[in-house]
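The following note sets out numbered points for a colleague who has the model at hand. Please read each point beside the displayed coordinates.

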Amino acid sequence: MACNGAGGCQSGCYKDEETTCDQPTTAPSETDSKSSSNLCIKCKLNDVVSGYGGIDDGRFCADCFRSNLFGKFRLAVTSNAMISPTDKVLVAFSGGPSSRVALQFVHDLQERAHKNFEASRDRSLPVFGVGVVFIDESSVLSIPSHEMEEAVEVINLIVSSLAPPRKELHFVPIETVYSSDSSDGKERLIELMNVVSDPTGREDMLLSLRMVALQKVASEFGYNRIVLGSCISRIASHVISATVKGQGYSLPADIQYVDARWEIPVVLPLRDCFAQEINMYCRLDSLKTIKLSTCPSSSINSLVSSFVTLLQEENPSRESTIVRTAGKLIPFHFNRIPEIIDGNVPLATRRRQKRYNLKSNESVSSESFCPLCNSPLDKSEIVDWSNHNNCRSSDTFYTSCCSSCQFQILPSDSTSMEKFYTDLPHSMVARANKVNNDKLNALREQIQDCLLSDGEDET
Amino acid sequence: MEGKRSVRMCCLCNERRASLSRPKTLEQICRECFYLAFEDEIHQIIVSNRLFIRGDRVAIGASGGKDSTVLAYVLSKLNRIHDYGLHLFLLSVDEGITGYRDDSLETVHRNQIQYGLPLKVVSYKDLYGWTMDEIVKLIGLKNNCTFCGVFRRQALDRGAAFLKADKLVTGHNADDIAETVLLNILRGDIARLSRCSSIITAEDGPIPRCKPFKYTYEKEIVMYAYFKKFDYFSTECIYSPNAYRGFAREFIKDLERIRPRAILDVIKSGENFRISTTTKMPEQGTCERCGYISSQKWCKACVLLDGLNRGLPKLGIGRSRVAIGCKEENESHGGKSIESKQCGSLDF
């Protein structure tokens, strides 16, 4: 039976997990009638805005809608201690509506802090810095060059309009992941991607490279936080696509507010906002967005995306139910901002962070990560290295990756694998080696006192 | 493989002509090798998961459809060849759906003769006093699957108890379980999500249930039944077109086209989900009315039945503000109506 609002939902759901199927079938869907228009449920003064879909459609007036959306953003930022006054925040900007709104809200927050700073007498609380980065993937995605030029112009305009305070804008081609290794980054990148035949694998490989690029820019320019505009809708799609790729173990790592696996922690302040709301916000405030034309995709990711859209249309609470369900899976210890030990950071900030950090009853366990996608490996994927002494480093790399990457990205024959391995950016290779060395070092520490100084040869 | 003849040979035995491409592995093999591979994989699942012990009385949930027909055949064959020492029975549920269940039951009766397995049929009419036809007439085509599913679960347990069975096996295949995992994510049923990907469920209930086909693709079951020319009933339930599961099924079919192994990957994800211990989970107790296992005061079947008998078809569907089965509600209606019938007389 179709589980929609009117009919009541499937018995057997437990009360606190039931979808909000009891939503009143929106009577205020007569959006065009001016005389019998509905008043905002919050301020009860102005007319509602509607027609954008989602569970709050037709409930708020434009102003209350805006403040409601910004409120969700701000709550996410404060409860997870995402941004402290001494931080330098890098906003990953793709030009799409979500990252546009993320940039806007971060700017609003910064502007407010700046005003307070100017107004305060002792100027004790500094204002966090904001930078913007756009990753140019045209070498891989075959985007027409005129489109890219237009996009660059638009982005420049957007960022310059969001001042004061001024924001640094970085345009970075994706082949920057190779820039410290060699000068032929672009060729190596294209060769690397060509080895990957599975369309889903290609998309996911590109995502991994994108994150490597973001991390590189952030650490090069001294940022200590990366902001992604991922909203509920994107996260709901990710939940389903990760499930479908067999990544049930690592799934919780990618869907929390904070992801501190990386050198520069990644935060998701729009995690509670719907794509429909975000689109509406852009419409209301005439925020300019960019959509670059790419080839139609036959990947699992796009199948899942259309599936979730279909479900959301059928029931506007579906995306939030999916994310809420996945939210009941145990997150990892790195899904919170690492505790600040720096004495320069205001005490209030440190206290707040301590209070809001995700409480985990589970002890901190050490995870192993896939060197390619950086997802935590489940028990069956963790390798017993005692059996792999004399392998080629490319085969060692293959074995240390998660089963999903092994299937959809890595080539199965040794020769192609070797080629792939040599084309990898150095940072990914280093990640794999670092993991193995760390393990060895950890073991060594335990027995250090029993080791004799000569005669040991570790290769 | 490049002979002078352009005919491909089976890549496993290289003796016979390849006549099919195996959905699971895409190997091009002959029929005999397919049968062997199919049966042997089931055998390995049974052994490595320790589904049975010698002497077990095992009831096979038989609907007359392809899954249960193949299950009955393969299980009795493996029981013979590998000497599991099991006593096998066919257990069928008659929901009272004209034009669907009455036809499929005939198939089961034929299976009883073909496979030489004793058969027991339990009917909703006998157990609950209602057929699905009557129920649908009362409540329409929404939520009817809820009634049928809840009633069937108890019906199978009662039938298995009658047969003094130690275990119940059902023909749920990989596609079914993958759909269920997705469905539970979509509907926020975290309690079911934690259980649904196990190969043995309800171990703390009246009868443990096993799903030997957990890792078997539906397509392979169809292929097996097709080549072996099994007699099975292949119509969809006439009341099912609105089922929410339809969304998940469509999606799984589309997924299989892009990446067949994704079905098994969904199951793997289901097995690897770690549920937070702070999540509130239902506690298991017993139904006050009939003694069946239940996490609420009354088991779902009693709640639904009560609703039917009182002409309140929505009772037990969706959220309710009134506690079901509480004293005030019962007394206000002054005793039971003639039609109301307790869930059953068997003790649990």
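1. B:Ser92 is found in strand β4 (residues 87-94) of chain B; helices (H or I, at least four residues) and strands (E, at least two) are DSSP runs, numbered from the N terminus. B:Ser92 is buried, with a relative accessible area of 0%; buried means under 20% relative accessible area, exposed over 50% and partly exposed in between, with a 1.4 Å probe and protein chains only. Its side chain reaches the backbone oxygen of B:Ala62 at 2.5 Å. Not counting residues up to four places away in sequence, B:Ser92 touches B:Ala62, B:Leu105, B:Val108, B:Leu119, B:Lys120, B:Val121 and B:Val122, where contact means heavy atoms within 4.5 Å.

2. On provenance, this is a predicted model, in which local features need pLDDT of at least 70 and side-chain atom pairs count only at pLDDT 80 or more, while totals for chains, interfaces and linings use all residues. Residues are numbered from 1 along each chain as its sequence is written, chains are lettered from A and ligands numbered from 1 in the order in which they are written, and side-chain values use heavy atoms, with hydrogens and water left out.

3. Chain A has 16 helices and six strands. Of its 459 residues, 50% are buried. Among contacts in chain A between residues at least 6 apart in sequence, 71% join residues at least 24 apart.

4. The largest nonpolar core has 88 residues, and those with the most contacts inside it are A:Met205, A:Ile240, A:Leu372 and A:Leu424. Helix α6 (residues 199-220) of chain A supplies the largest share of this core, nine residues. A second, separate core of 50 residues includes A:Phe60, A:Val77, A:Ile158 and A:Val267. A nonpolar core is a set of buried Ala, Val, Leu, Ile, Met, Phe, Trp, Tyr and Cys residues joined through side-chain atoms within 4.5 Å. Leaving aside neighbours within four places in sequence, the contacts of A:Leu424 include A:Tyr178, A:Arg188, A:Met205 and A:Leu372.

5. Between the chains, helix α7 (residues 232-244) of chain A and helix α11 (residues 262-272) of chain B pack at an angle of about 105 degrees, with their axes 7 Å apart. Axes are lines fitted to C-alpha atoms, for helices over the stretch in contact, and angles run from 0 to 180 degrees between N-to-C directions. α7(A) is therefore roughly perpendicular to α11(B); angles under 35 degrees count as roughly parallel, over 145 as roughly antiparallel, 65 to 115 as roughly perpendicular and the rest as oblique. A:Ala242, A:Thr243 and A:Val244 meet B:Ala262, B:Asp265, B:Val266 and B:Ser269.

6. B:Ser269 lies in helix α11 of chain B and is buried, with a relative accessible area of 0%. Which residues does B:Ser269 touch, not counting residues up to four places away in sequence? They are A:Ala242, A:Thr243, A:Gly246, A:Gln247 and A:Gly248. The C-alpha atoms of B:Ser269 and B:Val181 are separated by 8.8 Å, although these residues are 88 residues apart along the chain.

7. Helix α9 (residues 218-227) of chain B is largely enclosed by the rest of the structure, because seven of its ten residues are buried. Among them are B:Ile221, B:Met223, B:Tyr224 and B:Phe227. The cover over the buried residues of α9(B) includes α1 (31-48), α2 (66-81) and α10 (245-258) of chain B. After α9(B) comes B:Lys229, whose phi is positive, near 55 degrees.

Methods:
Polar contact = N/O pair within 3.5 Å; in protein donor to acceptor, adjacent residues only side chain to side chain.
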